[in-house]
Amino acid sequence: MEIFKLLSITLGAILANNFIFSQFLGCCPFLGVSKKVDTAVGMGVAVTFVMGLASAVCFVVNKYILIPLDLAYMQTVAFILVIASLVQFIEMFLQKAMPALYTALGVYLPLITTNCAVLGVVLLNVQNGYNFIESVVYGITGGLGFLLAIVLFASIRERLVFADYPKCWDGFPIALITAGLMALAFMGFSGLKVW
Amino acid sequence: MGNIIAAIAVLGALGALFGLILSVASKIFEVKKDPREEAILSHLAGANCGGCGYPGCGGCAAAILAGNAPVTACAPAGPDNAAAIAEIMGMAAPTGERQVAFVRCNGGEAAKKRFEYVGVHDCLSATKIAAGPLDCRFGCLGFGSCVNACQFGAMSIGPNGTAVVDPEKCTNCGACMKACPRGLITSVPASKKVHVACANLDKGKAAMSVCGNSCIGCGLCEKECKKDAIHVVNGVAVIDYDKCVGCKLCTKVCPRDAILPKATAEEKEKYKAIKKAQAEKAAAAKKAAEEAAPQA
């Protein structure tokens, strides 16, 4: 049964409960870093990476530090602390160990520190009562859902250059309209039930 | 009370632990940077204004080091710092005069309004409503988008309602030029004092009817200039700063007061009188020459 539960978490995180289109988390980088597909892929990969790691570390912090000490109400603060330090640590590590990846991710890595999707995923892990493996899977697949959404969105925005829409919609207005339409399309996945 | 202390202790301990890990990690994973990058960074303006097109001053320093950006990439830092950066990079110091921004409009209250705009206090928004509240489709709207864009406090809305630049504070970073929806702001050499403060490309009556201070392309300044430094191009006077010596003759003949610094009425009268006297003198000389000719 375990594998089925993981599969349903995966499908839910990528399609039905997509972080951007149905939970409205991480909208800031979604709108800000989606002008080109290349940068969108970089941001998506970085977010996936950090969400997976943050889920693992925050699960440990929550289960072995906060809950035994009866401090569950401090989760938000503790998780922000964990995520911020984690992103800093990853940045240093990548700069030393994988300079190519570091330059590819560029400014997006530090930007993730304040990405609400990352904080969202660790809080949702706690809310849904996931165990360690489920948490990590939810983190990674949630990130993949973000990647899917931002890459699709960036592809559309690249093509919008050739579209003939009213001039006053130029820039963010047309981006928001597009995002809204995409969210409607993703609504079609809600109620998706395989098992 | 015990709860609070426990929370403080645990979170403090967590924070201290992470801080410790990070400080150790920063030693372990230390990457040897090119010392020149730090040196270049110290010569940049440090305002992170983004005027150079790179993400912050650090990005600009890296780009200069990689050779992707010129040593003059940071306009706010000024020529002295550009020369210092050139020295770090082993290049010849760049030459060129300090430039400052200039708003090519002096309409203000003289510009006729079609309606009173009461929306968001932003120039771009104002231009979206029926092409803006001014009759002049080129003029400064005075809602201060450039003032907000300026990181150095050099822009302000002047007493007559158009934006003005304080050349002392201006660093020519270019932020205001991007912010102006009408593209009215350009770079001019800081030492030059005479500027055409109008961007209206219409001629004659079309330009005259929308604003009291518009350039109508009459060409009087062009005839008056002794140095061939001012020309009417596309219906608006343009100064060639390489030739302009700042004599201000053009400001005295401009019937529309479109050239700054504005000449006062007295100055204009005085100049007219001098011109008249010169013309009479020339005519008298010509007459005398004609009278003298038959005798010879």
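Predicted model: local features only at pLDDT ≥ 70, side-chain atom pairs only at ≥ 80, totals over all residues.
Residues are numbered from 1 along each chain as its sequence is written, chains are lettered from A and ligands numbered from 1 in the order in which they are written, and side-chain values use heavy atoms, with hydrogens and water left out.

**The two chains**

Chain A has nine helices and zero strands, where helices (H or I, at least four residues) and strands (E, at least two) are DSSP runs numbered from the N terminus. Taking contact to mean heavy atoms within 4.5 Å, 79% of the contacts in chain A between residues at least 6 apart in sequence join residues at least 24 apart. The unreviewed UniProt entry lists several spans of chain A as "transmembrane region", among them residues 45–66 and 136–156; UniProt positions are given in the numbering used here, feature names are shortened, and annotations may be inferred rather than shown by experiment. Residues 45–66 of chain A are 100% helix, with end C-alpha atoms 30 Å apart, and residues 136–156 of chain A are likewise 100% helix with their end C-alpha atoms 30 Å apart.

Chain B contains eleven helices and eight strands, and 38% of its 296 residues count as buried.

**The interface**

Between the chains, 19 residues of chain B are in contact with 20 residues of chain A. Together they bury about 1,600 Å², 86% of it on carbon and sulfur atoms, buried area being the accessible area (1.4 Å probe) that two parts lose on being put together, summed over both. Helix H1 (residues 2–28) of chain B supplies the largest share of the side of chain B that touches chain A, at 13 residues. Zero salt bridges are found across this interface, a salt bridge being a side-chain nitrogen of Lys or Arg within 4 Å of a carboxyl oxygen of Asp or Glu.

**The cysteine site in chain B**

For "binding site", the unreviewed UniProt entry lists B:Cys150, B:Cys170, B:Cys173 and B:Cys176. These residues span 27 residues in sequence, yet no two of their C-alpha atoms are more than 10.4 Å apart, so they gather at one spot. B:Cys150, in the loop between helix H6 (145–149) and strand S2 (155–157) of chain B, is buried at 18% relative accessible area. B:Cys176 lies in helix H7 (residues 175–179) of chain B and is buried at 8%; leaving aside neighbours within four places in sequence, its contacts include B:Ala101, B:Cys146 and B:Ile185.

**Salt bridges**

Side chains of opposite charge can pair when their charged atoms come close. Over all chains the count comes to seven salt bridges, including those tabulated here.

| Salt bridge | Closest N to O distance |
|---|---|
| B:Arg114 and B:Asp135 | 3.8 Å |
| B:Lys275 and B:Glu224 | 3.2 Å |

B:Lys275 in helix H11 (residues 265–295) of chain B and B:Glu224 in helix H9 (residues 220–224) of chain B are 51 residues apart, and their pair links distant parts of the chain. B:Lys275 is partly exposed at 36% relative accessibility, whereas B:Glu224 is buried at 9%. B:Arg137 is exposed, with a relative accessible area of 54%, while B:Asp202 is partly exposed at 21%.

Technical notes
Buried < 20%, exposed > 50% of the residue type's maximum accessible area, 1.4 Å probe, protein only.
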